[in-house]
Every structure is written in structure tokens, then in C-alpha cells.
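Here is a short tour of one protein model. Keep the structure open as you read.

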Amino acid sequence: MGQVFSSFWLYWFPNKEYKLVMVGLDNAGKTTALFKLHLGEAITTQPTIGSNVEQVEFKNLTFEVWDLGGQASLRPSWASYYKATDAIILVLDSTDRARVRIAKGELQSILGHEDLRTIGILILANKQDLKDAMSVEEMSTALALTDIRDHPWHIQPCCALSGEGLFDGMEWIAQRVNQLRT
Ligand SMILES: Nc1nc2c(ncn2[C@@H]2O[C@H](COP(=O)(O)OP(=O)(O)OP(=O)(O)O)[C@@H](O)[C@H]2O)c(=O)[nH]1
Ligand SMILES: [Mg+2]
């Protein structure tokens with residue numbers, strides 16, 4: 001009986017792959033986070049030129065996760081990945097006080113992009129293992145997160161090298177995706 005039900009379920013609701021796009025300034029830790037989620041391991045990275053894409057399975061959900069290069073010359077191309085995106089992951093180096101304003105500007109562009117209307121935004125406050133990391137409260141203030149009205153958002157402290165906090169962030173995305181399905 002269970003098998004009949006699951007065949008019926010799969011027929012009507014084939015396993016959808018949800019698209020996530022990971023952006024953020026260069027050196028934020030996007031590629032490290034992607035491979036930690038995909039392989040469970042921290043890899044040695046090089047600055048990304050273009051993009052990486054990998055599948056991530058989480059809680060019976062399948063995600064296609066795009067990791068885009070964050071260097072200044074590559075940022076204008078981020079928008080070409082936005083169509084049909086289910087959520088954005090904005091990765092920040094929590095020690096990068098000098099560029100938090102630039103990161104805020106990129107966040108404003110994301111919030112204003114027409115392909116991302118109402119899309120949820122997960123902000124990963126990465127590199128929390130480093131002692132000069134900004135707290136989540138400092139980063140929320142610097143990015144004016146509480147002024148965001150038209151997008152669900154969540155800020156998650158994490159360390160992409162150890163993986164700490166990454167799956168908590170995925171949990172928020174999984175909840176969003178499940179809410180949209182029901
Ligand atoms: N201490 C610490 N270092 C990290 C963490 N995450 C990433 N790094 C390091 O930060 C550097 C940059 O990481 P990447 O993952 O390549 O950064 P990226 O955001 O993909 O950079 P681009 O591809 O240039 O946009 C690497 O030396 C990583 O090992 C973290 O949580 N803690
Ligand atoms: Mg990279």
C-alpha cells in the first residue's frame with residue numbers, strides 16, 4: 001500500500017530540483033561553503049572565474065546550488081543566473097569590515113532585481129571562527145537588514161571550513177521551500 005502511495009506521489013510530484021544562487025564578494029567563502037555542503041569536506045579553493053554548480057541533498061529535497069565568482073569584474077554577471085531561482089544565499093566574510101558597505105550595495109541590487117521579487121535571502125555570516133569576526137547583530141545593523149520589507153530573510157552565523165551553521169542555514173531554506181509547496 002505504501003509503495004502504491006509513493007509511486008502515486010512521485011508520479012504527481014516528481015522530485016523537483018530547487019535552484020539556489022550563492023553570491024557575495026570575492027574571498028567570502030562561497031566555494032568553500034558549496035563543497036562543504038556537497039561533499040562534506042573543506043576543499044582548497046582558487047578564486048572562482050565564472051561559476052561552479054553542484055547538487056546538494058538536504059532533508060529529502062534536492063538543490064542545484066550555483067556558486068558565482070565574487071570579484072568586482074564578475075559581479076555584473078550575477079543577474080544572468082537569477083531566473084527561476086528559489087532562494088539567494090549571500091555569503092559574507094564577517095571579518096571584512098572594510099567592504100561591508102560594498103556588500104550592502106550588492107544586497108540592495110539583489111533586493112531590487114525583478115527576477116528575485118519575493119525570493120527568500122539567506123545571509124551567511126561566514127568565518128565566525130576568526131576572532132575579529134563581526135557578530136550577527138553588527139552585521140545586521142551594517143546591512144540594514146531590519147529595513148527589508150518585501151523579502152523573507154535570515155542571517156546565519158557559520159564557518160564554511162568546519163561546516164558549523166551551514167546546515168542551519170539550509171534548514172531555513174528548506175522551510176521556505178516547503179511553505180511554498182503547500
Ligand atoms: N577561517 C576561515 N576561512 C574560510 C572560511 N570559509 C572560507 N575560508 C577561506 O577563505 C578563502 C576564500 O574562500 P573561497 O571559498 O574561495 O571564497 P569565494 O567566496 O568562493 O571567493 P571567489 O571565488 O573569489 O568569489 C579561502 O582561503 C578559504 O579557505 C571560514 O569559515 N573560516
Ligand atoms: Mg569561489
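## A hairpin to start

This is a predicted model. Begin at the hairpin of strand 2 and strand 3, where two residues sit between the strands. Here lysine 59 takes a positive phi near 50°.

Now follow the two strands. Strand 2 covers residues 51–58. Strand 2 and strand 3 pair in the antiparallel sense, with eight bridges between them. Serine 51 faces leucine 68 of strand 3 across this pairing.

## Strand 3 and its other partner

Strand 3 runs over residues 61–68. Strand 3 also pairs with strand 1, which spans residues 17–23. In what sense do strand 1 and strand 3 pair? They are parallel, and six bridges join them. One bridge pair to look for is methionine 22 with aspartate 67 of strand 3.

## Helix 2

Helix 2 covers residues 30–39. Seven of its ten residues are buried, and the helix is mostly covered. The buried residues are Lys30, Thr31, Thr32, Ala33, Leu34, Lys36 and Leu37. Note that two lysines, Lys30 and Lys36, are on that list.

What do the buried residues of helix 2 pack against? Their partners are strand 1, strand 2, strand 3, strand 4, strand 5 and helix 5 (166–181). Just after helix 2 comes glycine 40, with a positive phi of about 80°.

## Around ligand 1

Helix 2 also matters for the next stop: it gives three residues to the shell around ligand 1, the largest share. The shell holds 22 residues. Gly29, Thr31, Thr45, Thr48 and Gly70 come nearest to the ligand. Thr31 is also one of the buried residues of helix 2.

What classes of residue make up this shell? Eleven are polar, seven are nonpolar and four are charged.

## Strand 5, covered on both faces

Move on to strand 5, residues 120–126. Is strand 5 enclosed or open? Seven of its seven residues are buried, so strand 5 is largely enclosed by the rest of the structure. Check each face in turn. Gly120, Leu122, Leu124 and Asn126 are buried on one side. Ile121, Ile123 and Ala125 are buried on the other.

Strand 5 has parallel pairings with two strands. Strand 4 (residues 87–93) runs parallel to strand 5, and seven bridges join them. In this pairing, alanine 87 stands opposite glycine 120. Strand 6 (residues 153–157) is also parallel to strand 5, over five bridges. There, isoleucine 123 has isoleucine 155 as its bridge partner.

## Two crossovers

How are these strands linked to helices? Strand 4, helix 3 (residues 100–112) and strand 5 form a β-α-β unit, and the unit is right-handed. Strand 5, helix 4 (residues 136–142) and strand 6 form another right-handed β-α-β unit.

## Serine 140

Finish inside helix 4, at serine 140. Is serine 140 buried, exposed or partly exposed? Its count is 16 other C-beta atoms within 10 Å. A buried residue needs 20 or more, and an exposed one has 12 or fewer. The count for serine 140 lies in between, so this residue is partly exposed.

Which residues does serine 140 touch, leaving aside neighbours within four places in sequence? The contacts are Leu145, Thr146 and Ile155. Ile155 is the strand 6 residue that bridges to isoleucine 123. Serine 140 and isoleucine 123 are 17 residues apart in sequence. In space, their C-alpha atoms are 9.5 Å apart.

Conventions: Residues numbered from 1 in each chain as written. Chains lettered and ligands numbered in written order. Predicted model: local features only at pLDDT ≥ 70, side-chain atom pairs only at ≥ 80, totals over all residues. Helix = DSSP H or I, 4+ residues; strand = E, 2+ residues; numbered from the N terminus. Pairing = 2+ DSSP bridges. Right-handed = clockwise from strand over helix to strand, strands pointing away. Near = placed C-beta within 6 Å. Nonpolar A, V, L, I, M, F, W, Y, C, P; charged D, E, K, R; others polar. Contact = placed C-beta atoms within 7 Å.
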